[in-house]
Amino acid sequence: MSNIIFISGTPCTGKTTIAENLTQKLNWDLVKINDLAISNNFVLGIDEDKDYKIIDIDALDENLSNIISSSDNLIVEGHLSHLCSGADKVIVLRCRPEILEKRLASRNYSDAKIYENLEAEALGVCSAESLDIYENNVYELDVSDLSVDDVVSILLDVIGGKRELTFGEIDFMEWLLTHQ
Ligand SMILES: Nc1ncnc2c1ncn2[C@@H]1O[C@H](COP(=O)(O)OP(=O)(O)O)[C@@H](O)[C@H]1O
Ligand SMILES: [Mg+2]
């Protein structure tokens, strides 16, 4: 049986950190989807307003499918991962916007880009998109009050079938009311 786990979520929720730790502990393969997109030049253009690269999802999906077809145990991390096919399980990391804001601010993001990401987290955009594509194979984990080690240990239990995650119970919409 293969285990193909996608880890998605808004930037700075901890996807890369968690996925690196997990794959090391599990001795699984890791695909960092942003690196895959850039190294293969699956870039259609730059959105100047929003300051990000527009990725060719179809090309990315096709390339990732080839990797998945030759892997048994694989973690794919990135905020675009859930838009690709082939996951057995999609895990969306969620983080309270107040906490995310501090992390995003320490990256070189414009205020507009920070706000856009916080709004996306408050609205649960990655979760909604994942649900659309993966229906009942999507799970969320609120990492707001968890250390990296906590998250890794929870996800090890989830992958090992010792623990279940839920979907749809996390609600950060309150943040929107005070940050219009
Ligand atoms: N559970 C956590 N608690 C505290 N800091 C975290 C946690 N997870 C990640 N971080 C920190 O947040 C920042 C963003 O993490 P990163 O893994 O790059 O996020 P992503 O890949 O989702 O953009 C890093 O500085 C990382 O060390
Ligand atoms: Mg990352």
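**View 1. A hairpin built from β3 and β4.** Welcome to the hairpin that β3 and β4 form, with four residues between the two strands. In its turn, D51 has a positive phi of about 65 degrees. This is a predicted model, and so are the views that follow. β3 covers residues 43-47 and pairs with β4, residues 52-55, in the antiparallel sense over four bridges. Look across the pair to find D47, which stands opposite Y52 in β4. Is β3 tucked away or in the open? Of its five residues, the number buried is zero, so β3 lies largely in the open.

**View 2. An open sheet of five strands.** Read across this sheet and you meet the order β2-β5-β1-β6-β7, with parallel pairing. β2 (29-32) and β7 (138-142) stand at the edges, and because each has a single partner strand, one side of each is left without a neighbour in the sheet. From one strand to the next, the twist averages 20 degrees.

View 3. A handy landmark is F6, which stands opposite V90 in β6.

**View 4. The largest nonpolar core.** This core has 42 residues, and those touching the most other members are I7, I18, L60, I91 and L93. In soluble globular proteins, nonpolar side chains tend to be buried together. Let L60 be your guide: with its neighbours within four places in sequence left aside, L60 is in contact with I33, L36, A37, F42, I55, L80 and C84.

View 5. Which residues come nearest to ligand 1? Of the 14 residues around the ligand, they are P11, G14, K15, T16 and T17. α1 gives the most, with three residues. By type, the shell divides into six nonpolar, six polar and two charged residues.

**View 6. D72, a residue in a loop.** Our last stop is the loop between α3 (57-69) and β5 (73-77), where D72 lies. Is D72 buried or exposed? D72 has 11 other C-beta atoms within 10 Å, so D72 is exposed. Beyond its neighbours within four places in sequence, D72 is in contact with S2 and N3. The C-alpha atom of D72 is separated by 22 Å from that of L165, a residue 93 residues apart from D72 along the chain.

Conventions. Residues are numbered from 1 along each chain as its sequence is written. Chains are lettered from A and ligands numbered from 1 in the order in which they are written. This is a predicted model: local features need pLDDT of at least 70, side-chain atom pairs count only at pLDDT 80 or more; totals for chains, interfaces and linings use all residues. A residue is near a molecule or strand if its C-beta atom, placed from the backbone, lies within 6 Å of it. Ala, Val, Leu, Ile, Met, Phe, Trp, Tyr, Cys and Pro count as nonpolar, Asp, Glu, Lys and Arg as charged, and the others, Gly among them, as polar. A nonpolar core is a set of buried Ala, Val, Leu, Ile, Met, Phe, Trp, Tyr and Cys residues joined through C-beta atoms within 7 Å. A residue is buried if 20 or more other C-beta atoms lie within 10 Å of its own, exposed if 12 or fewer, and partly exposed in between; C-beta atoms are placed from the backbone. Two residues are in contact if their C-beta atoms, placed from the backbone, lie within 7 Å. Two strands pair if DSSP finds at least two bridges between them. Axes are lines fitted to C-alpha atoms, for helices over the stretch in contact, and angles run from 0 to 180 degrees between N-to-C directions.
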